[in-house]
Amino acid sequence: MKCLRYLLPLHITVKELFFHNAGMSHDTVDLDYNPLSDPTIFAKILALNMPARIVSLRGNGLGDAGASAVAEAIASNTWTLSLNLFDNQIGDRGGAEIFNKLRYNIMLKSLSLSKNKCGDESFVALLDTLTGFEMNEQIKAEFLEHKSQLTDLNKYITSGRKSKAKAGAFIHPNNEEVPLLESIFTVDEVEFIKGNSFLEIINLSNNMITNKAARSAMAILDMKPDRSPELRLSAALREMNLSRNAINEELGARLSMASRERIII
């Protein structure tokens, strides 16, 4: 990986990366500040499901095109625990795509999109992903597809093993057991899918989120106790950093208090 970090910037015409039978098992992939002419190449690290626990792609100029490729890769990645996309010129569209696809990820614990150009659209998409989100035909089709992929992968991983996953669980390739995507549920005759319950830390500092989107978060945090718990902010979330955004001090203080200081302004 250290070799790749230094060689990639010298080969600006690279279109594909192949790691056939490479036996790569390093916990960390660090390709910071190596911008390529085709930023979507970096997404292949996630798409190939390499056994990398920590992936850092800071300062690579991914933009919305690269973010879109990363989003597709995140949806089916079952290895990476921490992803750092700091300073990548990712705008509102790219940020929203990443957060929308996170609803299908069952492994990522920490994500940084600090110092990008994510705004209200991105933040609302994140809130939808961290709570129960209303289902439509497209989302239902995606949900069932990803759950089927995980189930098929689970059969492959556990074939020949004595230990099998419990019902509704997935055996990770390194023998960790994690829940599968949660089921569809109904609130007031409206169908929802349970949001991401794995992400613990999200860094959105130094972006373009405004008071309008912050009020959407307040509506979720102020939800009445009799509302379905599946529609509340994920209990797994320990820290959401929104510092250095366009959120005023008063609203920021309310967000922090309502979230029991899980949201940092």
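**A guided tour from helix α8**

Helices (H or I, at least four residues) and strands (E, at least two) are DSSP runs, numbered from the N terminus. Contact means heavy atoms within 4.5 Å.

The model is predicted: local features need pLDDT of at least 70, side-chain atom pairs count only at pLDDT 80 or more, and totals for chains, interfaces and linings use all residues. Residues are numbered from 1 along each chain as its sequence is written, and side-chain values use heavy atoms, with hydrogens and water left out.

Next, within α8 (residues 249-258), select Leu251, Gly252 and Leu255, the buried residues of this helix. Viewed down the axis of α8, the buried residues fall within an arc of 105°, so they line one face of the helix; the arc is that of the directions from the helix axis to the C-beta atoms. Turn to the other side of α8, where Glu249, Glu250 and Met257 are exposed.

Now inspect the two ends. At the start of α8, a side-chain oxygen of Asn248 comes to within 3.3 Å of the backbone nitrogen of Glu250. Following α8 is Arg260, with a positive phi near 60°.

Arg260 also leads to the next stop. A pocket is an open set of points on a 1 Å grid over the protein atoms alone, where a 1.4 Å probe fits, with protein on both sides within 12 Å along at least five of seven lines; lining residues have an atom within 4 Å of a point. The volume of the largest pocket is about 270 Å³, a volume being the space filled by probe spheres set on the points, which are joined across faces, edges and corners.

Finally, select Glu230, in the loop between α7 and β11 (239-241). Is Glu230 buried or partly exposed? Glu230 is partly exposed, with a relative accessible area of 30%. Leaving aside neighbours within four places in sequence, Glu230 is in contact with Thr131, Gly132 and Phe185. Glu230 and Thr131 are 99 residues apart in sequence, yet 6.5 Å apart in space, C-alpha to C-alpha.

Terms used. Buried means under 20% relative accessible area, exposed over 50%, partly exposed in between (1.4 Å probe, protein chains only). A polar contact is a pair of N or O atoms within 3.5 Å; within protein, one must be able to donate a hydrogen and the other to accept it, and residues adjacent in sequence count only if both atoms are side-chain atoms.
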